Structures are given as structure tokens and as C-alpha cells.
Amino acid sequence: DPQAHPSLDLTFAALSEQHRHLLQRAAEMADARGLKVYLVGGAVRDLLLYQWGRQPLPDLERLDLDLVVDGPYPLRGDGADPTGWGLILGQALQQHFPEARLEIHGKFQTAALIWPGGVCVDIASARTEFYPYPASPPEVAMGSIQQDLYRRDFSINALALRLNGPQRGQLLDFFGGQADLRQGLIRVLHPNSFVEDPTRIYRAVRFAVRLGFRLDSSTEERLRAAVASGLHDAVGGDRLKQELAYILGSRDWPTAFQQLSEWGALRCIHPDLEWDPSLRQRLQRVGYWATHFRHRYPELGSHEIWQLRLEALLLTLPQAPQVASQLHLTQAGIERLSTYPYYQKVLAQLHPELPPSHVVELLQRLRIPAVILLAAIAPKPARRLIWRYLQEWHWVKPLLNGHDLRRLGYPPGPSFQEILDQLRYRTLDGQLTTPAEAETWLKEHFSLPQRDPQSPQLKNQSK
Ligand code: CTP
């Protein structure tokens with residue numbers, strides 16, 4: 001039976017002013033409309049852990065709140081009448097907070113209120129889900145709060161805190177979520193949970209490593225059985241990507257991948273994916289290099305590290321670009337994976353004795369995020385050259401610029417680039433060290449145009 005929880009206010013004292021204000025308004029508006037409103041999911045879990053002194057609260061400003069709304073009588077549950085109680089409350093809240101934007105999603109009209117600063121509140125109607133076949137998108141119908149909680153992934157995520165009415169502060173715990181939270185256990189609510197939604201395999205590992213929890217033994221059996229049943233083929237798309245983003249963006253990704261590998265669950269990403277120390281080092285390198293060079297190459301700033309890690313994970317596997325496209329990676333990411341044959345060619349040529357100008361010629365055809373991927377799979381001698389390229393050679397400029405060329409009498413045109421490239425390569429290789437040397441070399445190798453108007457083309461004698 002659900003238990004009352006006495007210290008709601010203490011819990012909420014941990015929230016930001018904005019969140020508290022918002023929950024207060026939601027409660028009043030629900031009261032005025034005869035609705036029941038609950039805080040559910042991750043926020044309840046995290047607030048309880050915080051209240052028990054088990055975990056620090058995650059970034060308060062970015063805490064996402066999930067509300068579920070139940071009404072005085074059931075609405076029609078077939079989607080024909082999709083105006084749920086959640087939408088009614090969402091619209092009322094939006095009128096009260098006009099600075100927030102209201103987004104409405106899906107057949108059951110889940111509402112999301114999003115503030116300009118990024119604070120986000122999801123408001124759904126209590127509903128129940130059916131899976132017509134394994135790993136299919138669920139079909140939904142209106143349901144009670146208990147049914148709503150029962151469709152969720154784990155007991156620790158299936159707690160609901162009543163926000164309004166006389167039962168304000170009551171914690172609904174139908175499935176032993178508090179006990180599991182105290183014992184550090186991740187437990188599914190029904191035997192088919194992983195089969196219906198295989199992304200839960202990845203959620204299980206995410207919560208396990210983040211919270212330091214373990215799977216209860218029958219949950220682990222079910223997880224292994226779901227993997228063994230070959231369901232991994234059915235996983236894909238945005239939801240898996242979302243979970244991979246969480247995992248690869250967290251500090252605990254090595255532990256998470258070790259665990260996924262032990263469960264055999266990496267097959268959900270790619271059938272040939274095998275976790276080993278060298279793959280771990282490859283992913284570590286991506287993070288290290290991307291962080292190190294982020295300040296100098298703004299282009300890296302727009303690539304999140306989880307995404308580059310995921311690309312590094314896939315890079316050497318067969319059909320990596322197709323897999324990336326099933327995972328809905330960005331077009332740029334898919335292209336980087338398609339460039340693997342060129343990376344191999346470059347690596348075959350990156351000998352330690354190669355003059356810097358050759359290294360630059362090979363690497364400057366790649367954008368910086370691709371260079372980072374290349375470094376991730378490069379053996380040590382090649383990696384040294386790539387490091388020097390990013391650190392210094394990339395930035396080496398020719399000793400003369402276009403302005404100097406014009407001053408010396410060379411007419412602007414397509415050959416300018418060729419001259420500047422040649423000057424730059426010779427500077428890189430230490431053959432030219434001062435602008436005066438560069439001028440002398442230039443005059444010897446590129447003749448000035450003749451005054452004859454019939455042949456205005458610059459003659460390139462260096463070829
Ligand atoms: N949920 C689920 N099955 C999924 C995804 C989500 O049952 N495959 C439910 C869980 O009850 C979860 C809630 O939806 O608590 C919200 O999902 P999400 O925001 O992804 O998870 P949180 O638990 O809030 O995790 P976090 O704290 O990392 O945001």
C-alpha cells in the first residue's frame with residue numbers, strides 16, 4: 001500500500017526558488033480544477049536520495065520535473081478524445097507563466113513547459129501503455145496513477161509524490177521503490193520490461209553506475225534473457241542514442257561499458273562490437289584530445305564529447321556509417337565515419353621521418369573533429385605527428401602574405417594560393433626562416449609576369 005511521507009517541505013527546501021514556485025502554482029491550479037497532480041520519476045528519486053544524505057542533488061537549475069495529472073473521472077482512453085488532464089493543467093500554467101513556451105507532443109498530448117533559461121517541466125496525463133509486440137512503440141490509453149507508475153522502468157523511478165489536496169506530501173510507493181532506493185537496487189516492475197523496451201538495458205546500467213546501485217538478481221536474469229533472445233536487432237534510433245549520450249557523456253562510461261559488455265548488450269549497438277582495453281583507451285583519448293584542443297579550435301566546441309566517443313567506438317567496424325545513420329547521428333558524424341578508408345591511407349603514410357609539410361598536406365584535408373578521430377585510432381608514432389600538427393604546424397603561416405605579394409608586383413589571382421602554400425611548406429620544413437629569405441626564394445622560383453598584355457598569366461617555374 002502507498003505510504004504517507006511526512007516531510008515534503010523539507011524535501012522541497014532543496015529545490016530552486018523557481019521550481020518551488022512552479023510546483024506551488026501547479027498544486028493550486030490542480031486544486032481549483034479538481035485534479036490530482038503528482039511529481040514522478042527522476043526528481044522524486046533524486047530528492048529522496050538527497051534527503052537521506054545518500055547523494056548530492058544534481059545540478060538544481062537543470063533538474064527536469066515530470067508531473068502526472070489525474071482527473072476526477074476517467075477520460076475516454078482510445079485516443080479519440082485526446083484532451084487529457086495534463087494538457088488542461090499545462091495550458092493553465094502557461095497562462096500563468098507567459099514567459100514559458102508550451103510544447104504539445106503525441107497522440108496523448110503530453111505538455112512540456114520550457115522556460116527561456118532551460119528549465120523544463122513535462123506534464124502528462126496518467127496513462128497506461130500496451131506493447132502490441134516486443135520492442136514496438138507503445139500504444140497508450142488513459143489510466144490511473146497506479147497504472148501510470150506500473151508502465152515505468154524501475155521501482156526507483158516509479159515513486160510519485162502528491163503535490164496538492166489533503167493528501168499533499170503523500171508518497172505513493174506501490175512497488176517497493178523506497179526500499180530499493182535504500183538498498184541500492186535496480187528492479188524492473190514486471191518480467192517483460194526489457195523485452196518491451198530494450199533501451200531499458202542501457203538505462204539500467206546508467207542508473208547503476210551513476211548511483212552506485214546494482215541490479216537485483218531476477219532483474220539481471222531478465223536482462224540477460226532479453227539480450228539472449230536477440231532483441232538487440234530491434235533496438236535503435238533516437239532512444240538508444242539518447243541513452244548512449246547519457247552514458248558516454250558521464251564520468252562513469254568505462255564502468256558502464258564494461259558492464260554492458262559482460263551482459264552481452266553491446267550487440268544492441270553493433271553485432272561485432274567487443275569491449276577491450278584498447279577500445280577503452282581509444283575513447284579516453286578522444287575525450288582527452290577534444291578537451292585539450294577545444295580552446296584553440298572553436299569547431300570542436302560544437303561537437304559534444306559523447307558524440308565523438310560514439311564515433312570512435314564505431315569507426316573501425318564494418319558498415320559503421322549505416323549503423324550511425326540508424327542511430328540518427330549527425331550528418332557530419334556519418335561523413336566522418338565514411339572517411340575511414342582515407343584515415344587508413346593517412347596512417348599508412350604517417351612515418352616519423354615525414355617532413356612537417358607532408359604531414360600538413362595530409363591532415364589539412366580533414367576537419368578538426370575528424371583529425372581527433374584519426375588520432376584516436378593512430379599508433380603512437382603517428383599520434384605524435386598529429387599532436388604536433390594540432391599544436392603548432394596547423395598554425396604556421398607563410399612568411400609573406402598576399403599583401404606582400406602584391407607589393408612585390410605579383411598580380412592577384414589563382415596562383416596566389418599556390419605561391420602561399422609553397423612558402424608555407426618551406427617555412428614548415430625550416431627551409432625559409434625570415435621574410436627576406438622568402439622574398440629571395442620567391443623571386444627565384446616564381447617569375448614576375450611579363451609586361452606583354454597577351455600573356456598576363458603568372459608563370460609557375462617551380463613545377
Ligand atoms: N521511463 C521509463 N522507460 C524508459 C524511459 C523513461 O519507464 N525507457 C520513465 C521513468 O520512470 C523515468 C521517467 O520516465 O523516471 C523519465 O525519464 P527520464 O527523464 O529519461 O529519466 P529520469 O529518471 O528522470 O533520469 P534523469 O534523472 O537522468 O533525467
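Which residues in α2 meet which residues in α4?

## Helices α2 and α4

In this predicted model, the α2 side of the contact consists of His 21, Leu 22, Arg 25, Ala 26, Met 29 and Ala 30, and these residues meet Leu 89, Ala 92, Leu 93 and His 96 in α4. Sorted by class, the contact of α2 with α4 has 7 nonpolar, 2 polar and 1 charged residues.

The two elements are helix α2, which covers residues 17-32, and helix α4, which covers residues 85-96, and their axes come within 10 Å and cross at roughly 125°. The helices α2 and α4 are therefore oblique to each other, and α2 passes α4 in a right-handed crossing.

## Helices α14 and α16

Helix α14, formed by residues 305-314, packs with helix α16, formed by residues 331-338, at an angle of about 30°, and their axes are 10 Å apart. Because angles under 35 degrees count as roughly parallel, α14 is described as roughly parallel to α16. As for handedness, the crossing in which α14 passes α16 is right-handed.

On the α14 side, the contact is made by Gln 307, Leu 308, Glu 311 and Leu 314, while α16 contributes Gly 333, Arg 336 and Leu 337. By class, the contact of α14 with α16 comprises 3 nonpolar, 2 polar and 2 charged residues.

## Helices α19 and α20

Helix α19 (residues 368-377) and helix α20 (residues 380-391) have axes 10 Å apart and pack at an angle of about 155°. Because angles over 145 degrees count as roughly antiparallel, this places α19 in a roughly antiparallel arrangement with α20. The crossing of α19 and α20 is left-handed.

From α19, the residues Ile 368, Val 371, Ile 372, Leu 374 and Ala 375 meet Arg 383, Ile 386, Tyr 389 and Leu 390 in α20. The contact of α19 with α20 divides into 8 nonpolar residues, no polar residues and 1 charged residue.

## Surroundings of the ligand

There are 17 residues around the ligand, and of these Arg 45, Asp 153, Asp 197, Arg 206 and Arg 210 come nearest. For Arg 210, a polar side-chain atom lies 2.4 Å from an oxygen atom of the ligand, and for Arg 206, an N or O atom in the side chain is 2.7 Å from an oxygen atom of the ligand.

How values were computed:
Residues numbered from 1 in each chain as written. Predicted model: local features only at pLDDT ≥ 70, side-chain atom pairs only at ≥ 80, totals over all residues. Heavy atoms only, no water. Axes fitted to C-alpha atoms, helices over the stretch in contact; angles between N-to-C directions. Helix = DSSP H or I, 4+ residues; strand = E, 2+ residues; numbered from the N terminus. Parallel < 35°, antiparallel > 145°, perpendicular 65-115°, else oblique. Left-handed = near helix turned anticlockwise from the far one by under 90°. Contact = heavy atoms within 4.5 Å. Nonpolar A, V, L, I, M, F, W, Y, C, P; charged D, E, K, R; others polar. Near = heavy atom within 4 Å. Polar contact = N/O pair within 3.5 Å; in protein donor to acceptor, adjacent residues only side chain to side chain.
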